[in-house]
There are 2 protein chains.
Amino acid sequence: MQVYLIGSGPFDPDFFKGYVERQKVAHNDSETAFVGVDLGAKQLLDMDFPIDLAVGDFDSIEDKVYQQVAKKAASIEKLEPMKDETDTEHALGSVADLYPNARYHLFGMLGGRVDHLLSNLWLIYQERFAPIIDRVHLVEENNAVSFLRPGQHQVDRLKEMKYLSFVAMTPITGLTLKNVVYPLDNYQMPTPLALISNEFLPGQNTMKIAFSNGLILAIQARD
Amino acid sequence: MQVYLIGSGPFDPDFFKGYVERQKVAHNDSETAFVGVDLGAKQLLDMDFPIDLAVGDFDSIEDKVYQQVAKKAASIEKLEPMKDETDTEHALGSVADLYPNARYHLFGMLGGRVDHLLSNLWLIYQERFAPIIDRVHLVEENNAVSFLRPGQHQVDRLKEMKYLSFVAMTPITGLTLKNVVYPLDNYQMPTPLALISNEFLPGQNTMKIAFSNGLILAIQARD
């Protein structure tokens with residue numbers, strides 16, 4: 001199952017539509033859920049997608065638009081404006097409960113405000129999301145971010161992207177990269193560092209990464 | 001002295017022009033240097049600003065444009081395409097040597113590729129830039145990022161922004177925020193967290209932050 005969770009940030013609607021189609025084919029799976037977080041619910045409305053769940057305090061949405069969202073949404077969680085968790089955090093908790101075995105594609109999280117972007121990266125690394133983190137992807141037309149915890153991982157090429165970067169969010173021990181243009185073997189990083197613009201080997205659609213300690217983002221990007 | 005270092009990412013040229021004017025007034029200082037990194041040199045050319053220094057491998061620029069840059073630039077550092085440091089890292093090292101007491105305003109670092117953005121954040125926190133880090137600002141029209149190391153700091157309001165966020169890049173001990181809507185006193189953060197959408201107190205143009213351990217980004221932003 002593929003869950004699409006739309007936040008408040010900008011992304012290209014045409015890219016989104018194509019991405020949803022490509023995921024359906026890639027995973028041979030037409031089961032989907034569309035979740036709108038705050039302004040993201042309006043974005044689903046504007047793109048004429050279903051709204052399986054709308055989550056947020058909806059402070060940034062006009063009442064008229066909120067009524068349209070409420071009418072179309074199969075389910076709504078209306079949150080208090082003042083709360084300890086962000087709307088995105090609450091929404092990710094909800095989809096993890098509702099659809100525990102899905103792949104989660106989060107749009108509207110990478111453009112716009114840099115503080116929101118960094119907040120999204122750190123919240124997804126929270127311990128409570130550890131059971132689903134391998135299946136969370138932050139995507140827009142030029143960037144796709146996956147979250148890696150210590151261990152061995154396979155990263156599959158996204159056809160639409162060119163570069164493959166590994167950004168350490170902490171010090172890292174024992175980093176090994178295989179099947180890429182710039183491989184590494186048991187590399188140590190005493191301070192966090194971004195290894196950018198690596199690439200999959202020509203003709204290869206997958207690569208392997210392993211490390212012992214720390215947190216790493218795998219980012220596929222294009223200019 | 002104000003140094004403007006332009007990278008390859010997108011930003012609004014009109015915002016840049018206004019920002020340069022506002023800095024001149026705010027600091028009562030008309031001494032400036034304009035530095036273009038790779039495609040950033042072309043951006044200076046397009047905006048009809050002087051180029052005091054152009055730095056990069058210039059792989060992403062057509063030869064014709066490179067010739068125009070070379071003709072206009074007072075000085076050029078042409079780098080090898082394959083190297084251990086990024087063009088931005090090399091350029092920041094050069095401006096730190098050339099203009100050691102300046103304030104550094106870096107544009108074209110926040111939009112575009114997320115891997116580039118994170119690479120820029122981590123490289124500026126490198127130990128070699130510790131002597132200048134208090135005077136480094138990453139700016140575009142909706143975000144302005146400053147870099148804080150442990151100690152006491154004053155953050156001054158940027159009139160064009162609305163929100164004030166503090167993003168921990170590491171665990172943090174002893175975080176105190178004064179003169180803001182949501183103050184904190186000796187707050188502990190065992191894992192990194194983004195405290196977003198705080199604000200300066202009404203009528204106050206400055207606030208104080210202190211912490212004992214870790215790295216924090218102060219981000220002023222608007223929607």
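This report describes the interface between two chains of a predicted model and then several individual residues.

**The interface of chain B and chain A**

In this predicted model, 30 residues of chain B are in contact with 30 residues of chain A. The size of an interface is often given as the accessible area lost when the parts come together. Here the area buried between chain B and chain A is about 2,400 Å², and carbon and sulfur atoms give 69% of that area. Within chain B, the residues that lose the most area to chain A are Arg113(B), Val114(B) and Trp122(B), which together account for 28% of what that side buries.

Between chain B and chain A there are 10 residue pairs in polar contact, counting pairs in which both residues are at pLDDT 80 or more. On the side of chain B that touches chain A, the elements giving two or more residues are α5 (114–124), β7 (143–148), β9 (163–168), β12 (194–198) and β14 (216–221) of chain B. The largest share of that side, eight residues, comes from α5(B). Sorted by class, the side of chain B that touches chain A holds 19 nonpolar, seven polar and four charged residues.

**Asp223(B) and its partners**

The rule finds two salt bridges across the interface of chain B and chain A, and a salt bridge joins the side chains of Arg113(A) and Asp223(B), with an N to O distance of 3.1 Å. Asp223(B) is located in the segment after β14 of chain B. Asp223(B) counts as exposed because its relative accessibility is 69%, a value over the 50% cut-off. When residues up to four places away in sequence are not counted, Asp223(B) touches Arg113(A), Asn142(B) and Tyr163(B). Besides the polar contact of 3.1 Å between the side chains of Asp223(B) and Arg113(A), a polar contact of 3.4 Å joins the side chains of Asp223(B) and Tyr163(B). The C-alpha atoms of Asp223(B) and Leu148(B), which are 75 residues apart along the chain, are separated by 23 Å.

Asp87(A) belongs to helix α4 (residues 87–98) of chain A, and it counts as buried because its relative accessibility is 11%, under the 20% cut-off. A polar atom of the side chain of Asp87(A) lies 3.4 Å from the backbone nitrogen of Asp57(A). With neighbours within four places in sequence left aside, the residues in contact with Asp87(A) are Val37(A), Asp38(A), Val55(A), Gly56(A), Asp57(A) and Leu79(A).

For residues 151–217 of chain A, UniProt lists, in an unreviewed entry, "domain: Thiamin pyrophosphokinase thiamin-binding". Over residues 151–217 of chain A the chain is 0% helix and 57% strand, and the end C-alpha atoms of this range are 13 Å apart.

The table sets out their values and places.

Conventions
Residues are numbered from 1 along each chain as its sequence is written. Chains are lettered from A and ligands numbered from 1 in the order in which they are written. This is a predicted model: local features need pLDDT of at least 70, side-chain atom pairs count only at pLDDT 80 or more; totals for chains, interfaces and linings use all residues. Side-chain values use heavy atoms; hydrogens and water are left out. Contact means heavy atoms within 4.5 Å. Buried area is the accessible area (1.4 Å probe) that two parts lose on being put together, summed over both. A salt bridge is a side-chain nitrogen of Lys or Arg within 4 Å of a carboxyl oxygen of Asp or Glu. A polar contact is a pair of N or O atoms within 3.5 Å; within protein, one must be able to donate a hydrogen and the other to accept it, and residues adjacent in sequence count only if both atoms are side-chain atoms. Helices (H or I, at least four residues) and strands (E, at least two) are DSSP runs, numbered from the N terminus. Ala, Val, Leu, Ile, Met, Phe, Trp, Tyr, Cys and Pro count as nonpolar, Asp, Glu, Lys and Arg as charged, and the others, Gly among them, as polar. UniProt positions are given in the numbering used here, feature names are shortened, and annotations may be inferred rather than shown by experiment. Buried means under 20% relative accessible area, exposed over 50%, partly exposed in between (1.4 Å probe, protein chains only).
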